[in-house]
Amino acid sequence: MSAIAIVHPMNLLGKELRETLERLPAVGGDIRLLSNRDDEIGTLTEVAGAAAMVSRYEPEKLQGVDVAFLCGAMEDNRPILAELPPETTAILLSFDATAGDGRPVVSGVNSEAAQGQRVLLSPHPGVVLLAHLLHALRDLAVEEAVATLIQPASMRDDAGLEELFDQTRQIVAMTRRTPTPVFGAQLAFNLLPTPLPADPVAGQLQAVLPGMPLALQILQGAIFHSVSASLYVRCAGDPTPQAIRKALSAHPHLEAADKPKHLGPIDAAASDKVLYGNVRKDEAGGGVWLWAVMDNLTRGGALNALEIAGLG
């Protein structure tokens, strides 16, 4: 591989990408850090074990780059996509991207969709989580799926983490409350609707698993890392919870929790797996309920992006 670029490398996903690339022996030393944001340009950081500086993005700096990972907001990435060299494949890691911005791909689910595509989308972490769960149940003929996703503060990068931390500290210390520009209200010890509409996220899942009958809502949780999902699934033939667990256990990216009754987002921190807990029969609806958690930065972010780029 001639070169790799990470565009907008200073957010949480950019940092995770840089750290993960260091552990991949097949990746060479030409890793370019680029940005069109003034607050990132000139920042001294580290990549592949060496000091590196974020350079100002200019179209010619992508010349000779095989894969460019575009982090940050889509409003910053769309001008770069418009100038993408013909030899470069772009991998989008923008939480506000839609299926119209690039082809959504979840590694191990629809990896073949990456072939011949110049702009790929590593989807919303909730899509990655649900895609692995529902793909594992494909042979059981899913007829209905209803999911509630709870996303962490780290979906809003360092600003989200800092605001949640500050709110928590102010409440515990009983000090004056500061404004909440990221979440718009108190998130600490609370649960909020997310400003991100569920329809574009559901659209990403439909692109990954065409025809999947899914109803989706997304909530903003007062947790730092890892996305969680409460998933109701009804399948043809009314399979038993044991049959559901058997199907889940056969999927390489899924793993049963050690303590399923106490599974929480913290258990997935830094894990490369989707962890699932108890499978409970719903006697009224005829389906089953699943609870699962996944690190949004590892399996839901950097690892999925690197694998669909053929680097993982």
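This report describes the sheet, the helices, the nonpolar cores and a few single residues of a predicted model.

Residues are numbered from 1 along each chain as its sequence is written, and side-chain values use heavy atoms, with hydrogens and water left out. Because the model is predicted, local features need pLDDT of at least 70 and side-chain atom pairs count only at pLDDT 80 or more, while totals for chains, interfaces and linings use all residues.

## The sheet

Helices (H or I, at least four residues) and strands (E, at least two) are DSSP runs, numbered from the N terminus. Two strands pair if DSSP finds at least two bridges between them. An open sheet is formed by seven strands, in the order β11-β12-β10-β13-β16-β15-β14, with mixed pairing. The edges are taken by β11 (191–193) and β14; each has a single partner strand, so one side of each is left without a neighbour in the sheet. On average, neighbouring strands of this sheet are turned by 30 degrees against each other, direction ignored. Here axes are lines fitted to C-alpha atoms, for helices over the stretch in contact, and angles run from 0 to 180 degrees between N-to-C directions.

Strand β10 (residues 142–151) runs parallel to β12, and seven bridges join them. Ile 150 has Leu 219 in β12 as its bridge partner. β10 also pairs with β13, in the antiparallel sense and over eight bridges; there, Val 146 has Tyr 232 in β13 as its bridge partner. β13 and β16 run antiparallel and are joined by seven bridges, with Val 227 opposite Met 294 in β16.

Buried means under 20% relative accessible area, exposed over 50%, and partly exposed in between (1.4 Å probe, protein chains only). Seven of the nine residues of β13 are buried, so this strand is largely enclosed by the rest of the structure.

One aromatic pair is counted, under a rule by which rings of Phe, Tyr and Trp (its six-membered ring) pair if their centres lie within 6.5 Å, with planes under 30 degrees apart counted as stacked, over 60 as edge-to-face and the rest as tilted. The pair consists of Tyr 232 and Trp 289 and is tilted, at 5.2 Å centre to centre and 50 degrees between the planes. Tyr 232 lies in strand β13 (residues 227–235) and Trp 289 in strand β16 (residues 288–294), so the pair ties together parts that are 57 residues apart in sequence.

## Helices and cores

Contact means heavy atoms within 4.5 Å. Helix α3 lies across β10, β12, β13, β14, β15 and β16, and runs at about 30 degrees to β13.

In helix α5 (residues 198–208), the buried residues are Ala 198, Val 201, Ala 202, Gln 204, Leu 205 and Val 208. They cover an arc of only 150 degrees around the axis, which puts them on the same side of α5; the arc is that of the directions from the helix axis to the C-beta atoms. These buried residues pack against β8 (103–104), β9 (119–121), α3 (125–136) and β12 (214–221).

A nonpolar core is a set of buried Ala, Val, Leu, Ile, Met, Phe, Trp, Tyr and Cys residues joined through side-chain atoms within 4.5 Å. The largest has 42 residues, of which Leu 129, Leu 130, Leu 216, Leu 231 and Leu 248 touch the most other members. At least two residues of this core come from each of α3, β10, α5, β12, β13, α6 (241–249), β15 and β16. Helix α3 gives the most, with eight residues. Setting aside residues up to four places away in sequence, Leu 130 touches Ala 147, Leu 149, Leu 205, Leu 214, Leu 216, Ala 229 and Leu 231. A second, separate core has 36 residues, including Ile 4, Leu 13, Val 67 and Ala 114.

## Single residues

Met 74 is in helix α2 (residues 74–81). Beyond its neighbours within four places in sequence, Met 74 is in contact with Leu 81, Leu 92, Ser 94, Asp 96, Ala 97 and Asp 101.

Asp 238 is in the loop between β13 and α6, and Ala 270 is in the loop between β14 and β15. Ser 271 is also placed in the loop between β14 (254–256) and β15 (274–281). Not counting residues up to four places away in sequence, Ser 271 touches Asp 295, Thr 298 and Arg 299.

The table gives the relative accessibility of residues named above.

| Residue | Relative accessibility | Class |
|---|---|---|
| Met 74 | 0% | buried |
| Tyr 232 | 7% | buried |
| Ser 271 | 16% | buried |
| Trp 289 | 27% | partly exposed |
| Asp 238 | 40% | partly exposed |
| Ala 270 | 64% | exposed |
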